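This briefing concerns a single protein chain.

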Amino acid sequence: MAIRQLSETLINQIAAGEVIERPASAAKELIENALDAGATRIEIATSGGGKALLRVSDNGSGMNAADLELAVRRHCTSKISETLEDIRTLGFRGEALPSIGSVARLSIASRRRDSAGGHEIAVAGGKIAHLRPAAANPGTIVEVRDLFFATPARLKFLKTEKAEAGAITEIVKRMAIAFPAVRFVLSGSDRTTLEFPATGDDHLGRMAQVLGKEFRDNAIALDAVREEISLTGFAGVPTFNRGNSAHQYAFVNGRPVQDKLILSAIRGAYAETIPSGRHPVAVLSITLDPALVDVNVHPAKSDVRFRDPGLVRGLIVGAIREALARDGSRAATTGASDMLRSFRPGFQPHAQRPQTAWSAETSPSRPYQPTTGFGERPQASFDGLSMPTARAEPQFSPQPAAPEPNARYPLGAARAQIHANYIVAQTEDGLVIVDQHAAHERLVFEAMRKALHSKRLASQVLLIPEIIDIPEEDCDRLMQHAAELSELGLAIERFGPGAIAVRETPAMLGEVDAHGLIRQLADEIAEWDTASGLSAKLEYVAATMACHGSVRSGRRLRPEEMNALLREMEVTPGSGQCNHGRPTYIELKLSDIERLFGRS
């Protein structure tokens, strides 16, 4: 079969298969073009989930007639010249507009600020219409109709209109976070209008617009630099978490990305602080020399490749963990909100009740006859409890020293223990309820973790070394980290070109599946060039031991023991959540309590 040159239209349709996967892909490309043009106001309108209509209007620099004619042709761009080593714009490939025009009905109207009038060009199924004059404001309006009408097979793979509209919303949110100085408006017949007013340099304000106002109160600032790579942004406290990872946003040199390395680093940074199945909320912005990152990995430009992935991963994990150690022990403000919602007035004679047969005993109109009181059986369980002291100063030990005259204690002084599990403490402006078992579990775990990293862990020598056959390249990677693994109690040696001999295993792990452990470590090192898997496994064992060695629920504590626990929590990193990620305490402000009683 003879080789022949494909037509320009077919070439563009092939490219569209990679660049324009769904309406959200087209929205992303058009918004990026508007941002590259210096727009400060971008309006997006959709219909039919973006399949019937997608319109992006901006007040950017606009295009003249010559620019418009080139913009719809493949590989025509104003953003790069001769090299890919210094990309500082969002778009640069010159494929988006011709790709969209090859599978949809595309029209572009644009006018430069210094021009008396604008021009318009249209492309339908790859066929370019003649350029014509058009009335237009300064800026550009790109309208895409009947997406994939020229490639109907692609329509079968699209999701419902609601799902496609939701994907476009997510794209706009990511762009809005990346560019807080730009006003975004998203509207259309298939959605309610969503508007993000410009916040200028207030990045946290824009994040609060997108992630909710609660994020502002539960975010910890990040600011770290390592070898000319800087990381800024905000990470949510561990107890402020979500059911999926959709609230994790990452940007590289201002470009929104969904990179596996970055998402994995976020998970690693929050290890042992968030419950299984829950995900942290974080917004990370990485800035580095464009020559150190490849953004041309995929036509969609959502994946990137770092020249030194280990350095980037270490920077993210270290910065988040340092921030959590510094300020992550506080409880999420949502805990108090949930508590407030759980309170109900004790007697509600007119509250709605299930529709059941009437009876004198259950009727809300019956005379009120309280059946409980301070002298009744429900109060009898408190008889054995010693009354808490009325003195406000906290105590530190069974023989407490005199408190410092000007000492401030964020978790306050213990006032009572209820149900032999919860400590109630009075603070300067409210009260704190502490889960004694969860709190002490975290304290024990942190003590064990500190010991874990302060010296070589004890190991157990195998009577007969285990020989594991693995590929030669995996052997090479493991031996590069042999010294690191030895510090963790795992002693390995090379046993021929394609085998590893395991001579010692960590004593903490007890009986070890050496084959599974070595293969897991080899896979992890191959992917991330780290050997953190063993550390994570040891920390998991330490967490389990801490759980069984902590103050148990149901144990009654003396006032000095309760106060000692509070003081230790105040100086221990991560004490705001237990090893399983659940909160260890909930704070209720005095203003919240007054609101419950209608005093505010």
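Among contacts between residues at least 6 apart in sequence, 70% join residues at least 24 apart in this chain. The model is a predicted one. Its secondary structure comprises 19 helices and 25 strands, and buried residues account for 44% of the 600 residues in the chain.

**Packing of α2 against α6**

- Helix α2 spans residues 23-36 and helix α6 spans residues 161-178; their axes come within 8 Å and cross at roughly 25 degrees.
- Because angles under 35 degrees count as roughly parallel, α2 is described as roughly parallel to α6.
- The crossing of α2 and α6 is right-handed.
- On the α2 side, the contact involves Pro23, Ala24, Ala27, Lys28, Ile31, Glu32 and Leu35.
- These residues of α2 meet Glu164, Ala167, Ile168, Ile171, Val172 and Met175 in α6.
- Sorted by class, the contact of α2 with α6 contains ten nonpolar residues, three charged residues and no polar ones.

**Packing of α6 against α7**

- Helix α6 also packs with helix α7 (residues 203-211), at an angle of about 165 degrees and with the axes 9 Å apart.
- Since angles over 145 degrees count as roughly antiparallel, α6 is classed as roughly antiparallel to α7.
- The crossing of α6 and α7 is left-handed.
- Lys173, Ala176 and Ile177 of α6 form the contact with Arg206, Met207 and Val210 of α7.
- By class, four nonpolar and two charged residues take part in the contact of α6 with α7, and no polar residues do.

**Setting of arginine 567**

- Arginine 567 is located in helix α18, which covers residues 559-570.
- The relative accessible area of arginine 567 is 8%; the residue is therefore buried, the cut-off being under 20%.
- A polar atom of the side chain of arginine 567 lies 2.7 Å from the backbone oxygen of glycine 412.
- The side chain of arginine 567 is also joined to the side chain of glutamate 570 by a polar contact of 2.8 Å.

- Helix α6 takes part in both helix pairs described here: α2 is roughly parallel to α6, whereas α7 is roughly antiparallel to α6.
- The handedness of the crossing is right-handed for α2 and α6 and left-handed for α6 and α7.

Conventions. Residues are numbered from 1 along each chain as its sequence is written. This is a predicted model: local features need pLDDT of at least 70, side-chain atom pairs count only at pLDDT 80 or more; totals for chains, interfaces and linings use all residues. Side-chain values use heavy atoms; hydrogens and water are left out. Helices (H or I, at least four residues) and strands (E, at least two) are DSSP runs, numbered from the N terminus. Buried means under 20% relative accessible area, exposed over 50%, partly exposed in between (1.4 Å probe, protein chains only). A polar contact is a pair of N or O atoms within 3.5 Å; within protein, one must be able to donate a hydrogen and the other to accept it, and residues adjacent in sequence count only if both atoms are side-chain atoms. Axes are lines fitted to C-alpha atoms, for helices over the stretch in contact, and angles run from 0 to 180 degrees between N-to-C directions. Angles under 35 degrees count as roughly parallel, over 145 as roughly antiparallel, 65 to 115 as roughly perpendicular and the rest as oblique. A crossing is left-handed if the near helix is turned anticlockwise from the far one by less than a right angle, and right-handed if clockwise. Contact means heavy atoms within 4.5 Å. Ala, Val, Leu, Ile, Met, Phe, Trp, Tyr, Cys and Pro count as nonpolar, Asp, Glu, Lys and Arg as charged, and the others, Gly among them, as polar.
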